[in-house]
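This briefing covers one protein model with a ligand. Please read it beside the sequence and the 3D view.

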Amino acid sequence: MALINLEDIIASIYGTSLENHSLPVPTRQADKRKDKEYSRETNYSCKEQGRIAGANVKKLTPEQSFIYNDFTQKIQNGQSGLCFLDAPGGCSKTFFIETTLASQRVKGSIAIATASTGLAATLLPGGRTVHSTFKVPLNIINPETPSCSIKKGTALSRVLQDASVLIVDEATLLHRNVFEAIVTTLKDTRSSSEVMGGLLTLLCGDFQQILPVIRQGTRANIVDALSQVILTLEISQTVQTHNKHESSAASR
Ligand SMILES: Nc1ncnc2c1ncn2[C@@H]1O[C@H](COP(=O)(O)OP(=O)(O)OP(=O)(O)O)[C@@H](O)[C@H]1O
């Protein structure tokens, strides 16, 4: 049992088996490790996900609804690309992410939820930090060609290969090298030269709220650490502001 646990930990960190570390290989049912990684992303209760998606979709404001329909259509069409959801604090980013995740998980699709910080990750259902999900090395700012420790053919790479959408919350805080490492990993695991290896990716955040931390960095260094984005979706209102406008329009 100890060897099995050890192998799971090593596999999740380095993507290798105990054999590669000159240790005895535990006897276990074939594909058990693969199942563990994979089932984490697929074992959501359809009933519960359906309930969340159904309840949230009904509550969407017209602005949220427009973006939700547009984005889910992209997922359904199997479109690839990189989108940025730009919304100030309190303007429903988490609510939008939760709804999108549930709408995919109810169908058994893999929707990967990540965030730049541990705290932000805990707010997302099934969320993990970007560093944990992609095994991003700690010295990511220095290497010339940043990359993650996920090997092709491992259980984790299978999850990335089969995912229908990747969500990165509070993405503005991530250093550009982290994105470059993720892009390289996705292109490798998904065997695709498209943007993000062809996996539709939604970055969420508010550039006015927080920028990448560059120690003693100049404005130019900070701008240089930002990533390039292709399509921006915007939510400008909190739900309270929307409701206030609605009720004052109704009373007129
Ligand atoms: N359409 C909606 N109907 C009802 N409540 C909503 C709706 N949209 C958002 N909310 C609620 O508004 C609050 C703020 O939304 P949310 O937490 O998603 O914002 P956020 O953009 O993630 O904020 P922050 O950037 O500060 O984390 C939450 O309590 C959320 O449940």
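Lys-135 is buried, at 14% relative accessible area; buried means under 20%, exposed over 50% and partly exposed in between, with a 1.4 Å probe and protein chains only. This is a predicted model, in which local features need pLDDT of at least 70 and side-chain atom pairs count only at pLDDT 80 or more, while totals for chains, interfaces and linings use all residues. Residues are numbered from 1 along each chain as its sequence is written, and side-chain values use heavy atoms, with hydrogens and water left out.

**Positive phi**

- Lys-135 has a phi of about 50 degrees, a positive value, although Lys-135 is not a glycine.
- Lys-135 sits in the loop between helix H7 (130-134) and helix H8 (155-162); helices (H or I, at least four residues) and strands (E, at least two) are DSSP runs numbered from the N terminus.
- Ser-191, also not a glycine, has a positive phi near 45 degrees.
- The loop between H9 and strand S5 (201-205) holds Ser-191, which is exposed with a relative accessible area of 53%.
- For background, most residues other than glycine have a negative phi, and most peptide bonds are trans.

**Ligand site**

- Twelve residues surround the ligand, and the closest are Lys-59, Gln-64, Gly-90, Thr-94 and Phe-95; a residue counts as near a molecule or strand if one of its heavy atoms lies within 4 Å of it.
- By class, the shell has five nonpolar, five polar and two charged residues. Here Ala, Val, Leu, Ile, Met, Phe, Trp, Tyr, Cys and Pro count as nonpolar, Asp, Glu, Lys and Arg as charged, and the others, Gly among them, as polar.
- Helix H5 (residues 93-105) supplies the largest share of the shell, three residues.
- An oxygen atom of the ligand is 2.5 Å from an N or O atom in the Thr-94 side chain.
- An oxygen atom of the ligand is 2.9 Å from an N or O atom in the Lys-93 side chain.
- A nitrogen atom of the ligand is 2.8 Å from a polar backbone atom of Lys-59.
- On its own the ligand has 630 Å² of accessible area, and the protein covers 66% of this. Accessible areas come from the Shrake-Rupley method with a 1.4 Å probe, and for residues only the protein chains shown count as cover.

**Salt bridges**

- The structure holds four salt bridges, each defined as a side-chain nitrogen of Lys or Arg within 4 Å of a carboxyl oxygen of Asp or Glu.
- Side chains of opposite charge can pair when their charged atoms come close.
- One of the bridges joins Arg-40 and Glu-41, with the closest N and O atoms 3.1 Å apart. Arg-40 is partly exposed at 33% relative accessibility, whereas Glu-41 is buried at 4%.
- Another links Glu-48 with Arg-51 at 2.9 Å, N to O. These two residues are separated by about one helical turn because they are three residues apart in helix H3 (residues 46-59). Glu-48 is partly exposed, at 34% relative accessibility.
- Glu-180 and Arg-176 also pair, at 3.5 Å, N to O. They are four residues apart in helix H9 (residues 176-189), so about one helical turn separates them. Both are partly exposed, Glu-180 at 33% relative accessibility and Arg-176 at 28%.

**A buried polar side chain**

- Asn-56 lies in helix H3 and is buried, with a relative accessible area of 6%.
- The side chains of Asn-56 and Glu-98 are joined by a polar contact of 3.0 Å. A polar contact is a pair of N or O atoms within 3.5 Å; within protein, one must be able to donate a hydrogen and the other to accept it, and residues adjacent in sequence count only if both atoms are side-chain atoms.

**Surface patch**

- Leu-3, Leu-6 and Leu-23 make up a nonpolar surface patch with about 200 Å² of accessible area together. Patches consist of residues with over 30% relative accessible area and no salt bridge, like charges being joined within 9 Å and nonpolar side chains (Val, Leu, Ile, Met, Phe, Trp, Tyr) within 5 Å.
- Leu-6 belongs to helix H1 (residues 2-14) and is partly exposed, at 36% relative accessible area.

**Separation in sequence and space**

- Thr-42 and Lys-107 are 65 residues apart in sequence and 9.6 Å apart in space, C-alpha to C-alpha.
- Thr-42 is in helix H2 (residues 32-42) and is partly exposed, with a relative accessible area of 27%.
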